[in-house]
Amino acid sequence: MNRVEDRGRTPGSQPPRPPQPPPLPSHPTIDDYERAVAGFRLRPNPEAEFGYLREVALVGARLGTIRPAEIVRHVQPAAVAVTLVMEPDIVTVGDAVARAILRGDSAGPQYWARMVREVDTARCTLAALVKARPDSGRGVIARGMRRTPNEQAAGVDLSGQRWRAANVVLALAPPLAARAFLASGATMHKQPSAAELTALREQASLILDMAAQAPLCRELVGHAFGSLGDTALRMRLAENPFTPDSVLARLVREHDTEPEVTRAVQVHEFAGGTARRLAFLAVRDEPDAVLRGLRELLRLRGEEPFLEMVQAAPAEEAAWVRSVVAAAGSDLQPETRLRAYVRLAEISAPEVVWAVELTRTGALERMMPEVRASMAAGTAEPLIAAVRDETADAVAAARRGAARLAGRGGAVRPSHRGHAETEHAEEWNRQSSARARAERHRVAAAEMKRWRSDKALDDPVPLV
């Protein structure tokens with residue numbers, strides 16, 4: 001805000017909130033869509049615009065009240081139409097949008113470069129963007145990327161969106177054209193103009209952003225591992241929740257000297273056990289780094305990913321499993337620690353579990369009762385039985401807790417209880433919260449499985 005704009009404002013007052021979009025029409029037509037576009041132009045709200053317009057178009061496409069041809073010819077900005085390609089339940093719309101984009105393929109790599117650069121910011125329809133003047137050589141990057149301050153202020157906010165139009169266009173491009181676009185940022189004339197230098201920097205920034213968004217394609221991932229890839233690009237890829245496990249594992253294997261990349265894989269939101277295990281193995285000779293990574297993993301992602309990592313370890317890595325279980329032991333909930341102990345006993349021996357628990361507690365009488373029972377029996381069976389019973393008890397406790405909460409209309413409030421009952425209620429709330437978090441993680445990971453596969457890299461757009 002400049003001083004002129006600030007003159008009439010009282011000290012400490014907040015800037016006015018942008019107007020909220022109208023309620024979503026139940027059966028939106030293209031007329032409803034165009035009225036919404038006109039409304040945003042009169043009362044700009046960049047944070048809400050793209051999401052609202054996309055939802056109107058998506059609902060209309062699903063109900064058939066907005067036809068595929070109307071999506072291509074009338075929906076603007078173009079990015080709204082392009083991202084609809086990623087919705088598998090409206091294949092006819094996706095097919096129409098994809099065919100419209102592919103119509104310009106005869107113009108070659110220059111066409112695809114222009115489309116990738118401009119699709120996120122173009123305010124026109126997809127049909128108009130496809131027919132726009134093609135690139136013609138030197139200086140065209142600058143012409144395509146340059147925007148006036150007014151245009152920038154009126155631009156839509158793409159943050160928080162699942163699909164990015166530039167990624168979709170790159171995924172639809174022929175492999176040679178996609179690679180040409182990604183490599184073009186390294187091409188520079190001996191005496192580039194200021195506009196060209198700015199455009200090259202903006203293109204590098206665009207590619208960096210695309211590596212952090214979806215859909216990913218094989219060419220974009222390969223670019224991060226090539227001679228033009230750098231740590232910043234690999235970091236974005238390592239943090240991207242859509243990056244497949246095979247790519248995360250390759251990042252760790254080939255770039256384990258880049259600690260930022262390794263840490264990002266350690267705490268990745270959906271990484272499988274094997275990829276996460278490789279990330280921790282990369283720093284196995286640095287106990288402090290291992291401990292920091294484990295605590296960050298538990299803080300950000302909960303205990304289920306830790307257990308998946310331990311379960312993924314082969315028997316020949318029993319020593320490593322022992323080291324991470326011992327390092328994380330005191331930070332784990334008792335039931336999680338027991339499950340980790342069972343895995344450790346499976347790939348080594350019960351005696352190893354006894355030693356780890358004794359080291360953790362420092363005294364025999366403070367060891368977990370299940371571990372003491374295992375020592376008395378001389379086998380791991382008491383540990384296995386305890387985990388089995390814990391699972392059954394957890395299901396029963398969840399049912400009892402749900403009934404109790406339903407009767408009281410809220411969470412357990414320990415402040416009006418006796419001390420023992422208070423501790424029990426707090427423990428139940430804590431365990432219930434941990435289980436709920438683990439369940440949410442499992443559901444989200446299952447839903448993301450399709451988009452994080454190697455198949456999705458080679459065929460990112462779900463067209464039939």
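Q: How many salt bridges does a search of the whole structure find?
A: The model is a predicted one. Side chains of opposite charge can pair when their charged atoms come close. The cut-off for a salt bridge is a side-chain nitrogen of Lys or Arg within 4 Å of a carboxyl oxygen of Asp or Glu. Searching the whole structure gives a total of 23.

Q: Which residue forms a salt bridge with D89?
A: D89 sits in the loop between α5 (78-83) and α6 (91-102), and its partner is in helix α3 (residues 46-63), 27 residues apart. D89 has a relative accessible area of 46% and is partly exposed. The N to O distance is 2.7 Å, and the partner is R62.

Q: Which residues are linked with R62 and D89 in a network of salt bridges?
A: R62 is partly exposed at 43% relative accessibility, and its side chain meets that of D89 in a salt bridge. The network holds these two and also R54 and E87.

Q: What is the relative accessibility of R179?
A: R179 forms a salt bridge with E219, with the closest N and O atoms 4.0 Å apart. E219 is in helix α14 (residues 218-225) and R179 in helix α12 (residues 175-184), 40 residues apart. E219 counts as buried at 17%, whereas R179 counts as partly exposed at 44%.

Q: How many residues of helix α7 are buried?
A: Helix α7 spans residues 109-118 and is mostly covered. Its buried residues include W112, R114, R117 and E118.

Q: How many charged residues are in the lining of the largest cavity?
A: The structure holds one cavity of 30 Å³ or more, and about 80 Å³ of space lies in the largest cavity. Among its lining residues are W163, F242, W451 and S453. The lining divides into ten nonpolar residues and one polar, and the charged count is none.

Q: Which helix holds M375, a residue of the nonpolar surface patch?
A: L358, L364 and M375 make a nonpolar surface patch of about 250 Å². M375 is partly exposed, with a relative accessible area of 33%. The helix that holds M375 covers residues 369-377 and is α24.

Technical notes:
Residues are numbered from 1 along each chain as its sequence is written. This is a predicted model: local features need pLDDT of at least 70, side-chain atom pairs count only at pLDDT 80 or more; totals for chains, interfaces and linings use all residues. Side-chain values use heavy atoms; hydrogens and water are left out. On a 1 Å grid over the protein atoms alone, a cavity is a set of points where a 1.4 Å probe fits but cannot get out, and a pocket is an open set with protein on both sides within 12 Å along at least five of seven lines; lining residues have an atom within 4 Å of a point. Grid points are joined across faces, edges and corners, and a volume is the space filled by probe spheres set on the points. Ala, Val, Leu, Ile, Met, Phe, Trp, Tyr, Cys and Pro count as nonpolar, Asp, Glu, Lys and Arg as charged, and the others, Gly among them, as polar. Patches are made of residues with over 30% relative accessible area and no salt bridge: like charges are joined within 9 Å, nonpolar side chains (Val, Leu, Ile, Met, Phe, Trp, Tyr) within 5 Å. Accessible areas come from the Shrake-Rupley method with a 1.4 Å probe; for residues, only the protein chains shown count as cover. Helices (H or I, at least four residues) and strands (E, at least two) are DSSP runs, numbered from the N terminus. Buried means under 20% relative accessible area, exposed over 50%, partly exposed in between (1.4 Å probe, protein chains only).
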